[in-house]
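Please read this briefing alongside the sequence and the 3D view.

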Amino acid sequence: METVLPFYSPRPERPSFIKSATKESEILGEAGTRETNQPEKMSGAGKTVCVTGASGYIASWLVKLLLAKGYTVKASVRDPNDPKKTEHLLALDGAKERLHLFKANLLEEGSFDFLVDGCEGVFHTASPVSFTAPQAELIDPALKGTLNVLGSCAKAPSVKRVVLTSSVAAVLFNGKPRTPDVVVDETWFSDPEFCKETQNGYIVSKTLAEEAAWKFAKEKGMDMITINPSMVIGPLLQPTLNSSVELILNLVNGAQTFPNYTFGWVDIKAVANAHIQAFEVPSASGRYVLVSSVVHYSQIVKNLRELYPTLNLPEKCADDEPYMPTFQVSQEKAKSLGIDFIPLEVSLKETVENLKEKGFFSF
Ligand SMILES: NC(=O)c1ccc[n+]([C@@H]2O[C@H](COP(=O)([O-])OP(=O)(O)OC[C@H]3O[C@@H](n4cnc5c(N)ncnc54)[C@H](OP(=O)(O)O)[C@@H]3O)[C@@H](O)[C@H]2O)c1
């Protein structure tokens, strides 16, 4: 069975959307672009990597930064005929020369063989993100999908390192108390049984997927790294809303109350950059938890009010219970990878401006 349906044949023809080669690219080849004049920035020149779920929020930024570094990127999307999933990718700098789109689905075994073939690095970001969908819809694509992608990697001799987008969902939920004096770090693992009690299918799906991935990587001797971001915010590249940025839109778009919840938050650019650092830094290993600040929703509302005093923001918490406590998350390991965390207020401002620009709300 042909399980891989490439959007186009990657070699030797060019895809239909790539116009005839410019003089420059004819001379310099696929990796040779204007940026080759800036060798210090072009750590990816001549290297091919792949990104799964490229239409998504995090993956779109990852593809953008990879192209900017000179990488050739093979990217999977579920529906290459949907312009909402592809146009923003094809418009990126370097896309014409070095971005190749393929169709692949997490639930089709072998679907990613063709994608990872010839790649040095594999960034597996695709996984359904919904904080409300039933567990059954999330676990199979997350768990079986991850093993499916890793299976393809194990068969591809070109693959040197796999960077898996996990989540703090696979870190925080183990029954240990989280209070202001507690410091969470990479040694924390969510407990699948405890996760099931949270009744949150997304948390279960990410925990089971990371657990299975580590088991697989160990068995196969695969060089794998996980990136475990907290709630990611910052500008969207794609035209559609994703689940984490939607949390901010809900606040600025007329919500009467804010949830009694405390999250870690992190900027999209730091997250995309961490993926690349995890691939590029030879000594990188294990997991990297990414949290810029841990704050209660009331603090997010306060920051938004300071930034936009005329915005109609919720005044009240959704319940009368004490506020969920904050906790600390160590940034030590992430900083050792060269990650600069962007302050929460900057990320919030960029998120709100971007949502306004894209017409998701007006004020
Ligand atoms: N955003 C956050 O706050 C956050 C925090 C921590 C970790 N993460 C992780 O980061 C990754 C990306 O999240 P995101 O926020 O960028 O989400 P997103 O915008 O919803 O992107 C998810 C991607 O997964 C793809 N996908 C879902 N089911 C699929 C399937 N069956 N086959 C192939 N592709 C499938 C989607 O494809 P379509 O475009 O075709 O739907 C989409 O490209 C996920 O692994 C998520 O768990 C996100």
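How many bridges join strand 4 to strand 5? Four bridges join strand 4 to strand 5 (residues 161–165), and the two strands run parallel. This is a predicted model, in which local features need pLDDT of at least 70 and side-chain atom pairs count only at pLDDT 80 or more, while totals for chains, interfaces and linings use all residues. Residues are numbered from 1 along each chain as its sequence is written, and side-chain values use heavy atoms, with hydrogens and water left out.

**Strands**

- Strands and helices are DSSP runs numbered from the N terminus (E, at least two residues, for strands; H or I, at least four, for helices).
- Strand 4 (residues 121–124) also pairs with strand 1 (residues 48–52) in the parallel sense, over four bridges; strands pair if DSSP finds at least two bridges between them.
- His 124 of strand 4 stands opposite Thr 52, and the bridge partner of His 124 in strand 5 is Leu 164.
- From strand 4 the chain passes through helix 6 (residues 135–155) to strand 5 in a right-handed β-α-β crossover, that is, the path from the first strand over the helix to the second runs clockwise with the strands pointing away from the viewer.
- Strand 4 is covered on both faces: Gly 121 and Phe 123 are buried on one side, Val 122 and His 124 on the other. Buried means under 20% relative accessible area, exposed over 50%, and partly exposed in between (1.4 Å probe, protein chains only).

**Ligand site**

- The ligand is surrounded by 26 residues, each with a heavy atom within 4 Å of it; the closest are Tyr 57, Arg 78, Thr 125, Tyr 202 and Lys 206.
- This shell divides into 11 nonpolar, 12 polar and three charged residues (nonpolar: Ala, Val, Leu, Ile, Met, Phe, Trp, Tyr, Cys and Pro; charged: Asp, Glu, Lys and Arg; polar: the others, Gly among them).
- Helix 2 (57–68), helix 8 (201–220) and strand 8 (231–233) each supply at least two residues of the shell.
- The protein buries 90% of the 890 Å² that the ligand exposes when taken alone (Shrake-Rupley method, 1.4 Å probe).

**Asp 191**

- Asp 191 lies in the loop between strand 6 (183–184) and helix 7 (192–197).
- Asp 191 counts as partly exposed because its relative accessibility is 33%.
- The C-alpha atoms of Asp 191 and Phe 173 are 6.2 Å apart, with the two residues 18 apart along the chain.
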